[in-house]
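Here are my comments on the model you sent.

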Amino acid sequence: MTSRQLPRRSVLLGSLGVLAAGSVASCGGSGPGPAGTRLIGPHSEEVRAAERLRRARGQRVVAHRITAQPTTVDLGGRTVETWAYGDSVPGPVLRTTAGDLLRVELTNSLPDETSIHWHGLALSNDMDGVPGITQDPIRAGDGFTYELTTPDPGTYFFHPHSGVQLDRGLYGVLVVDDRAEPGGYDQEWVVVLDDWVDGTGRTPDDVLVGLVSMSGMGHGGAMGEGMFSSLLGGAGDVDYPQYLVNGRTPAAPATLSGKPGERARIRIINAGSDTAFRLALGGHRLTVTHSDGFPVRPVTTDALLIGMGERYDVTVDLADGVFPLVAAAEGKAGVGMALVRTAAGAAPEPEVRIRELGRQVLLGTDLAASSGVGLVRRSVDRQFDVVLGGTIMPYRWTINGASFPDTRALDVASGERVRLRIRNQSMMFHPVHLHGHTFGLVEGGARKDTVIVKPMQSLEVDLDSDNPGQWALHCHNIYHAETGMMTVLSYRS
Ligand code: C2O
Ligand code: CU
């Protein structure tokens with residue numbers, strides 16, 4: 001792409017500038033810590049050195065320009081005003097090969113400040129896109145150039161880390177291809193799930209105000225019964241008027257086309273803000289091959305439960321006909337739907353119900369890392385309790401008893417094996433997401449960056465502190481994150 005001069009704004013704040021909120025400067029953690037030591041900020045030499053190591057000589061550059069803007073989109077029979085990347089929801093599918101440099105010139109044409117977070121990537125901390133932690137917010141009318149090596153193959157996505165903008169149409173997909181990919185499939189489809197409210201009479205900001213002020217608006221208490229009893233002990237907090245697959249309602253679904261007998265690889269992303277989806281394809285079983293970008297020991301299942309921020313790659317052997325790919329909002333009344341078509345014939349009704357949803361349902365915690373993908377065995381150097389709590393009234397969510405920005409940071413030094421003991425002490429499920437790292441569920445579980453923790457469930461994940469900087473750790477329910485369920489994995493030296 002040709003370079004066009006963007007209204008670029010300097011973000012060379014130095015580490016103190018962006019961290020001035022003080023929230024990440026506190027010390028904490030168990031054991032003899034790096035307490036009292038220097039914080040490794042996003043613009044530190046350590047962060048630059050880590051990115052230099054990722055950049056091979058002759059690195060290929062993949063360049064894109066993206067404009068975040070107000071626009072009007074047709075969801076299929078329903079036209080809404082929203083904010084999107086360009087004119088479509090979902091936004092663009094960006095594609096690199098592992099090791100490439102991705103350069104995205106973002107223009108902010110929104111009436112609000114914004115940012116882009118590259119969800120799931122072990123990227124350079126200064127490009128992580130978290131205002132207040134890794135960069136200044138990009139003001140309305142300004143721009144910012146993201147430039148990052150995409151180190152690991154897999155299915156990723158990107159979205160703002162500013163307020164509740166994720167619950168607008170601001171999301172796009174990033175696929176990082178694997179040079180060593182054996183292939184073995186004939187079709188490759190990207191499937192993005194979303195819960196939709198924007199432009200239907202209220203915005204996500206209105207929903208947040210409703211939750212916080214307990215006007216009852218948007219609260220799950222008024223919600224109808226889900227189709228199945230929830231495997232997550234409940235639903236989210238917001239009753240959405242629409243659920244979308246690839247930006248379309250079930251009334252006018254997106255179509256994924258192939259031929260009978262072909263094998264399709266489906267890259268599934270839950271870009272929802274408050275909804276886990278139970279996904280199945282009528283007349284088929286799904287073989288799960290990757291979770292959050294990383295290979296798992298393949299498992300075949302009828303249905304898959306996908307938390308907000310999680311991604312799964314599955315393969316399916318296509319039968320002959322027209323089949324509904326249904327994403328049922330877990331614990332809620334609505335569904336999203338797309339069509340898989342390998343033959344002529346009538347489309348299923350938007351209200352179609354498929355048996356597969358009521359059969360075997362797989363969660364990320366059921367999976368095992370495939371060989372060579374798990375963390376190497378070593379002893380734990382540092383351990384943290386991450387206690388998830390909160391209440392609906394008042395609407396406030398906590399980690400270790402505090403709400404961001406008052407949460408205590410988890411201080412680590414480079415080169416450690418770090419264990420997070422996540423304990424959910426609330427009656428709500430939380431998809432816990434860590435930036436810049438892919439943790440491993442203990443005892444050989446899948447490598448992931450986002451994991452659903454059910455009400456009152458405890459689970460442990462390990463990570464290697466090999467990517468210096470300041471990294472958000474938060475619930476991927478955007479309303480929980482925005483009202484406090486967030487902290488920082490903070491490197492110090
Ligand atoms: Cu998609 Cu901080 O996350
Ligand atoms: Cu949560």
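Predicted model: local features only at pLDDT ≥ 70, side-chain atom pairs only at ≥ 80, totals over all residues.

1. A polar atom of the asparagine 246 side chain lies 2.7 Å from the backbone nitrogen of valine 192. Asparagine 246 belongs to the loop that runs between strand 10 (242-245) and strand 11 (255-257). Its relative accessible area is 19%, so asparagine 246 is classed as buried; the cut-off for that class is under 20%. Beyond four places in sequence, asparagine 246 touches Val89, Pro90, Val190, Val191, Val192, Ala254 and Leu256.

2. Threonine 82 sits in strand 2 (residues 79-85) and is buried, because its relative accessibility is 2%. Its side chain makes a polar contact of 2.6 Å with the side chain of aspartate 198.

3. The UniProt record, an unreviewed entry, places the feature "domain: Plastocyanin-like" at residues 71-180, 242-328 and 390-490. In the model, residues 71-180 are 42% strand and 0% helix, with the end C-alpha atoms 39 Å apart. Residues 242-328 are 60% strand and 0% helix, and there the end C-alpha atoms lie 11 Å apart.

4. Phenylalanine 323 is part of strand 18 (residues 322-329). With a relative accessible area of 13%, phenylalanine 323 is buried. Its C-alpha atom is 8.6 Å from that of threonine 342, a residue 19 places away along the chain.

5. Which residues are closest to the centre of the largest pocket? The space in this pocket comes to about 780 Å³. There are 37 lining residues, and Asp152, Pro153, Gly293, Phe294 and Pro295 are the closest to the centre. Strand 15 (294-301) is among the strands that supply at least two lining residues each, and with four residues strand 15 gives the largest share. Strand 8 (172-177), strand 12 (263-270), strand 14 (286-291) and strand 29 (458-464) also supply at least two each. By class, the lining holds 14 nonpolar, 12 polar and 11 charged residues.

6. Two peptide bonds deserve a look in the viewer. The bond from methionine 393 to proline 394 is cis, with omega near 0°, and proline 394 lies in the loop between strand 21 (382-391) and strand 22 (396-399). The bond joining phenylalanine 404 and proline 405 is also cis, with omega about 10°. Proline 405 is in the loop between strand 22 and strand 23 (410-412). Most peptide bonds are trans.

7. The last point concerns backbone angles. Most residues other than glycine have a negative phi. Glutamate 443, which is not a glycine, has a positive phi of about 65°. Glutamate 443 is placed in the loop between strand 26 (439-441) and strand 27 (447-448), and its relative accessible area of 75% makes it exposed. Methionine 456 has a positive phi of about 65° as well. Methionine 456 is in the loop between strand 28 (450-453) and strand 29, and counts as exposed at 52% relative accessibility, since exposed means over 50%.

How values were computed: Residues numbered from 1 in each chain as written. Chains lettered and ligands numbered in written order. Heavy atoms only, no water. Buried < 20%, exposed > 50% of the residue type's maximum accessible area, 1.4 Å probe, protein only. Polar contact = N/O pair within 3.5 Å; in protein donor to acceptor, adjacent residues only side chain to side chain. UniProt positions renumbered as here; feature names shortened; annotations may be inferred. 1 Å grid on protein atoms, 1.4 Å probe; cavity = no way out; pocket = protein on both sides within 12 Å on 5 of 7 lines; lining within 4 Å. Points joined across faces, edges and corners; volume = space filled by probe spheres on them. Nonpolar A, V, L, I, M, F, W, Y, C, P; charged D, E, K, R; others polar. Contact = heavy atoms within 4.5 Å.
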